[in-house]
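Reader: I would like to learn how to read a structure like this one, feature by feature. Could you walk me through it?

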Amino acid sequence: MKKILAVLALGCAITTAACADNDVISRNINDLPAPARTLLNKQFAQTKVSYIKIDKDLFKSTPTTYSW
């Protein structure tokens, strides 16, 4: 039973590590799609963007921006 749990835990760890490298991290606003850039320029013109994370999912790509 312990071997089965160890193999399952190892399999989960390997799967998580293999899938975790799909995100793109950037500070360049030009990496975002045009509608996202327009929204940032109109709504948050005074704010500096310090972190952009683009999640690569199976069927879509969702940009997430963080600014401090």
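Author: Happy to. Let us begin with contacts: two residues are in contact when they have heavy atoms within 4.5 Å. Keep in mind that this is a predicted model.

Reader: Then which residues is Ile29 in contact with, leaving aside its neighbours within four places in sequence?

Author: Ile29 is in contact with Arg37, Leu40, Val49 and Ile52. Its place in the chain is the loop between β1 and α2.

Reader: Is Ile29 buried, exposed or partly exposed?

Author: The general idea is that buried means under 20% relative accessible area and exposed over 50%, with partly exposed in between. Ile29 has 28% relative accessibility, so it counts as partly exposed.

Reader: Good, that gives me a scale. How do I place that loop in the whole chain?

Author: Read the elements in order. The protein chain has 2 helices and 3 strands, and from the N terminus on they run α-β-α-β-β. Of the 68 residues in the protein chain, 10% are buried.

Reader: Which residues make up the largest nonpolar core?

Author: The idea here is a set of buried nonpolar residues joined through side-chain atoms. In this model the largest such core has 6 residues: Leu32, Ala36, Leu40, Val49, Ile52 and Ile54. Both α2 (34-43) and β2 (51-56) supply at least two residues each to this core.

Reader: Where does Leu32 lie, and why is it called buried?

Author: Leu32 sits in the loop between β1 and α2. Its relative accessible area is 3%, so Leu32 is buried. Leu32 and Ile54 are 22 residues apart along the chain, with 8.3 Å between their C-alpha atoms.

Reader: What about Asp31: buried, exposed or partly exposed?

Author: Asp31 belongs to the loop between β1 and α2, and with a relative accessible area of 42% it is partly exposed. Leaving aside neighbours within four places in sequence, Asp31 is in contact with Ser26 and Ile54. From C-alpha to C-alpha, Asp31 and Ile54 are 9.0 Å apart in space, and they are 23 residues apart in sequence.

Reader: What kind of contact does the side chain of Ser26 make with the side chain of Asp31?

Author: A polar contact, at 2.6 Å. As a general idea, such a contact is a pair of N or O atoms within 3.5 Å. Ser26 is in strand β1 (residues 24-26), and because its relative accessible area is 13%, Ser26 is buried. Not counting residues up to four places away in sequence, Ser26 touches Tyr51 and Ile52 as well as Asp31.

Reader: To finish, how can I read contacts across the whole chain?

Author: Look at sequence separation. Among contacts between residues at least 6 apart in sequence, 38% join residues at least 24 apart.

Note on methods:
Residues are numbered from 1 along each chain as its sequence is written. This is a predicted model: local features need pLDDT of at least 70, side-chain atom pairs count only at pLDDT 80 or more; totals for chains, interfaces and linings use all residues. Side-chain values use heavy atoms; hydrogens and water are left out. A nonpolar core is a set of buried Ala, Val, Leu, Ile, Met, Phe, Trp, Tyr and Cys residues joined through side-chain atoms within 4.5 Å. Buried means under 20% relative accessible area, exposed over 50%, partly exposed in between (1.4 Å probe, protein chains only). Helices (H or I, at least four residues) and strands (E, at least two) are DSSP runs, numbered from the N terminus. A polar contact is a pair of N or O atoms within 3.5 Å; within protein, one must be able to donate a hydrogen and the other to accept it, and residues adjacent in sequence count only if both atoms are side-chain atoms.
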